Amino acid sequence: MKYAKNQSMIRNIVTSLAIILFLLFINHQQPVKAADRNPISGQAVKTSVNDVDMDVAEAWNKLIGRQSREVIVAVIDTGVDINHPDLTENIWINQGEIPGDGIDNDNNGYIDDVYGWDFYNNDATVCHYRDAKDSGKKLADSKDNDSHGTHVAGIIGAVENNNIGIAGAASNIKIKIMPLKINGGPDGDGKISSAIEAIKYATMMGADICNLSWGTDEYIEGLEEAMRESDMLFIAAAGNDGLNNDKTPIYPANLKLDNLITVTFIDSSGKLTDRSNYGPSTVDLAAPGTDILSTIVGGYASMTGSSMAAPQVAAIAALLYSYNDKVYPSNIKELILNNIKVIPGLKGYMRYPGIPSAYNLLLAAQKDLLTDTEPPKMAFETFYEREKMKIAIQAEDTGGSNIRTIKWLYGERTLDDFKRGTVGTSVKEEQMYVTKAGMYTFYASDYAGNETVQTYEVKEDVKAPKLTLSYQVADNYKTRTITVRAKEEQSGIKRAKYMAGSRKAKEFLPGGAGTLIELKDGKGSFKVKKDGVYTVFVTDYRGNHSVKEIKIETVKATDLKLIRRNVTMLAGEQYMLQAYVKPVNFTDKVTYISTDEEIVTVTKHGKLKAHQEGVASIIVRTSSGLERMCEVSVIRAPKEKTVSTMP
C-alpha cells in the first residue's frame, strides 16, 4: 500500500490482464498537542458535535439480557489478524475442517480453510506477519500488509469487556468475523475474479453480511451476478475521491441491488469531507468515518475513509440479524434506511441524508422486522423445440423474501450438492434448454436462506411421425403428383425425403441419401414421371422416423355415369351430384364445370349450389376424355298462402 504525506487514497491500476481492486481509505494524521492523543493508539483525539453518532450505546442497553443467534460477517478485504488479542475470540471457525491435516474435510473445495481463505495467495494463510525483534510481537508484513482488513474487522467485532483496546460496534452479540483475503502485496491490490470467488465462498459457508471496503471503476457482470445470487446483505464503501458517483460510477457501490447498501463517510462534526464520495441516487447514506480507531495487525491505529464507515453500518445490520435466523437482506436494508438520524447538511448528497440510529432500528424491529420460513416451490413442464428440449420452471416464494437463485444439475442430486446455491447452472428467465433427456435436479433458495431441491424427469420424444401418402395423375398422364402429410406433435418434423423403389430406413441415412421434400405445416408434394413404387422417409428432431411406400399405377377411366341427368332446385338449395367411374381403381382426374355460375356453382367434388332462377349445365369430365352433362333448373320458391279470419 502506498501513502501520501498527509492524505491519500489507495487506488490500484487496472491492467490488461486483470481487473484490479482498490482499497478505500485515507491514512489521515494531523499534528496535535501531546495532551490530545489517544492513550491506545497515541494518535489525535478530536472533538465532535453532540449526537453525531449511531446510538450504539443505547442499542446495547436495549439488548441486555436478550438471547441472540450467531451472526457471521464476511470481511472481503486484505487479510485479518486472527491472532490479534482483541479479535481472536470473535473470528469465525469452520467447524467442518480439521486444522493442518492437508485434507478438504468438509468437501467445499478448500483445504484447511479453518478461519476463511486467502484468495490472493490461494491458501489458508489469512494474515501475513513479520516478527518485531524488540518486542517479539507479530506485526504487519510490509510485503503483504493485512492491516486494512484487520481495521475493518475490529470496527465490527473487536471483543468487548476484555480490558484491552476497543470494542466493535456489534461485539455485544454473538458476532463472528469471516476473513476472506482478496487484496495483497505491498500495494494492496487484487482481482475482481478473486472477489467473486470470495462472495461465493461466503455464501456457501453461511455468512449473513458481507463488508466490501473496496471498489473499481470497471463494471463486471459476474460480480453483480454473484452478489444478486447471494442471500447476504452487502455493505459497500462509496469511495474517497470527493466525486459524484451518479456521474463517475464505482463498483460494487453503484450496483442496483436489493441486498446492497452503499455508504459514504462524514467527519466528527457530521459533515462530508472533501474526500467523501456522494451521489443523490447512488449513495444510500453516511456513517462516521474520520479518524476511526480500530485494530491493525499487531496493534491499533486510526484510519479515515468510506472503508471505515461501511463496517459501522455492517455492525448495525448485525444487531438486527441477531434477532432471528430467518430475516432477509431487503427488509434489513429497508429498516436501516428508514431509521436514520437526519443530518440537514447531507440533504441532496445521498438518498437518505443521515446516519443510522442503532437504537431506533431496534425499536422498529419489534414490529417491522420480517421473517420468511417457507422454502420456494417449483413446477416444471417440458416443451420440444427441434433438437432441444425447453424446461419451463415456475418458481414461487410465498414467504416474502423473494427467490434469489434457481440452479440445476444433471442427475439425481441432494441439497448438499448445490452448496447453498454456489454450485450448478443458473436458470435464466425461468427456462432452460437441454439436449439430453433424463433426470435433472433443481435447486431454489430465497433471500432468507430457505432452500429446496426437486428432481424432474425430462422424457425423450420417442413417438415416430405419422405419415400419410396419396397421389394424383395429371390430365395428360405425363406426371404423377405424390402428396405427403407428416404430423409430429413434440419435437417437430426435421426432414422428409423420397426415393424410387421399395426402400428401408437405413438407406436414407446418412442425411445425404434421397431427394428432399419441402414441407410447409407438415404438408408437401413431389412429382414423378413413371408409375411404380416410391418410398417416403420422414424424421423428427429427436431422431424418430417413419417410412412408407406408395404404389403408383395409372388406370384410365372406361365408363362415366351420373345418377341424375336433370336436377330441379330452389334458389339457395344445395345438392350433391354423384358421378360413378369405372373401373373403381381409376386414376383419372374428375372435373366439374358450371356453364353459368350466376345460376349454379359446383365444387371440385360435385356439390351444387343454386343462386338464381334459370337453367345451366354441369359438365363432368375425366382425364381420359369421358364426358357427361347434367341440366340444372333453378326455380323461385312459391309464396306461402295466407289465411284470414272470417268477418
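Where does S213 lie, if we take β9 and β10 as our landmarks? In this model, which is a predicted one, S213 sits in the loop that runs between β9, residues 209-212, and β10, residues 214-215. S213 is buried, with a relative accessible area of 0%, and its side chain makes a polar contact, at 2.9 Å, with the side chain of N211. A polar atom of the S213 side chain also lies 3.0 Å from the backbone oxygen of S307. As for I292, it stands 79 residues from S213 in sequence, and the two are 14 Å apart in space, taken from C-alpha to C-alpha.

Let me turn now to helix α7, which covers residues 358-368. Here A358, L361, L362, A364 and A365 are buried, and because they cover an arc of only 165° around the axis, they fall on the same side of α7. On the other side of the helix, Q366 and K367 are exposed.

Four strands form an open sheet, which in order reads β21-β20-β23-β24, and the pairing is antiparallel. Its edge strands are β21, at 425-426, and β24, at 451-458, each of which pairs on one side only. Between β23, residues 438-446, and β24 the antiparallel pairing extends over eight bridges, and S445 stands opposite E451 in β24.

Methods
Residues are numbered from 1 along each chain as its sequence is written. This is a predicted model: local features need pLDDT of at least 70, side-chain atom pairs count only at pLDDT 80 or more; totals for chains, interfaces and linings use all residues. Side-chain values use heavy atoms; hydrogens and water are left out. Two strands pair if DSSP finds at least two bridges between them. Helices (H or I, at least four residues) and strands (E, at least two) are DSSP runs, numbered from the N terminus. Buried means under 20% relative accessible area, exposed over 50%, partly exposed in between (1.4 Å probe, protein chains only). A polar contact is a pair of N or O atoms within 3.5 Å; within protein, one must be able to donate a hydrogen and the other to accept it, and residues adjacent in sequence count only if both atoms are side-chain atoms. The arc is that of the directions from the helix axis to the C-beta atoms.
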